[in-house]
Amino acid sequence: MPNWGGGAKCGACEKTVYHAEKIECNGRSFHKTCFLCMACRKALDSTTVAAHESEIYCKTCYGRKYGPKGIGFGQGAGCLSTDTGEHLGLNLQQGSPKSARPSTPTNPSKFAKMMVDVDKCPRCGKSVYAAEKIMGGGKPWHKTCFRCAICGKSLESTNVTDKDGELYCKVCYANNFGPKGIGFGGLTQAEKKE
């Protein structure tokens, strides 16, 4: 059935998600209030989410459900190896440590592929996630990196200009790249007399 006039459907409640309330994860959209761990119902954000196919978890529950099993495993996943997560409703496969999942996945998850394709900020070179992304000059920037390259002034859509992949405020752009000469404001009175 066509989706007339609305946004994408929420991956948790299946209701329409409008732009102002949308969080994207693993190719799916969620309401901010529906972006919860499927096991413990803890609120998630871009730093605490771990996705597995169409499911989203906090990193602790993800480690309990999909992390390595056996003696000595699980500490990095945020839980003891004896903690099965049954109190959270997790159904874990029981087996010997030899039957645990291989350490290198043969079929990487969609989430792993998504993490490889995360945009990089042109200013600092670090990953830019949806919650902190500002588009400028056709590239994604961190909110803190969205500044003039010359004066460092914080930029907005009303005062940003780009040249050769770098961002400038309109004043610095005009002073450095704008037209020069009499009548353009580029020369001082002393320069005009000479």
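**Salt bridges and their setting**

Glu24 and Lys22 form a salt bridge, with their closest N and O atoms 3.2 Å apart. The model is a predicted one. Glu24 counts as exposed because its relative accessibility is 51%, and the cut-off for that class is over 50%. Lys22 has a relative accessibility of 30% and therefore counts as partly exposed.

Strand E3 covers residues 22-25 and runs antiparallel to strand E4, residues 28-31, with four bridges joining them. One of the bridge pairs is Cys25 with Arg28 of E4. Two residues lie between the strands of this hairpin, and Asn26 takes a positive phi near 60° there. As a general point, side chains in a regular strand alternate between the two faces of the sheet.

Cys25 also belongs to the largest nonpolar core, which has 16 residues. Cys25 is listed there with Phe35, Cys37, Leu44 and Ile56 as the residues with the most contacts inside this core. Strand E5 (49-52), strand E6 (55-58) and helix H1 (59-66) each supply at least two of the core residues. E6 gives the most, with three. Another core lies apart from this one; it has eleven residues, including Cys148, Leu155, Leu167 and Cys169.

Next comes the pair of Lys133 and Asp119, whose side chains meet in a salt bridge at 3.2 Å, N to O. Lys133 is partly exposed because its relative accessible area is 34%. Asp119 has a relative accessible area of 32%, so Asp119 is partly exposed as well.

Glu166 and Arg123 form a further salt bridge, and here the closest N and O atoms are 2.2 Å apart. The two residues are 43 residues apart and link distant parts of the chain: Glu166 is in strand E10 (residues 166-169), while Arg123 is in the loop between H2 and E7. With a relative accessible area of 24%, Glu166 is partly exposed. Arg123 is partly exposed too, at 30%.

In general terms, side chains of opposite charge can pair when their charged atoms come close. The count for this model comes to three salt bridges.

The wider fold gives the background. The protein has four helices and ten strands, and from the N terminus on the elements run β-β-β-β-β-β-α-α-β-β-β-β-α-α. Of its 194 residues, 26% are buried. Among contacts with a separation of 6 or more, 20% are between residues 24 or more positions apart. The protein exposes about 13,200 Å², and carbon and sulfur atoms supply 54% of that area.

Methods: Residues numbered from 1 in each chain as written. Predicted model: local features only at pLDDT ≥ 70, side-chain atom pairs only at ≥ 80, totals over all residues. Heavy atoms only, no water. Salt bridge = Lys/Arg side-chain N within 4 Å of Asp/Glu carboxyl O. Buried < 20%, exposed > 50% of the residue type's maximum accessible area, 1.4 Å probe, protein only. Contact = heavy atoms within 4.5 Å. Areas by Shrake-Rupley, 256 points an atom, 1.4 Å probe, with all protein chains shown as cover. Pairing = 2+ DSSP bridges. Core = buried A, V, L, I, M, F, W, Y, C linked by side-chain atoms within 4.5 Å.
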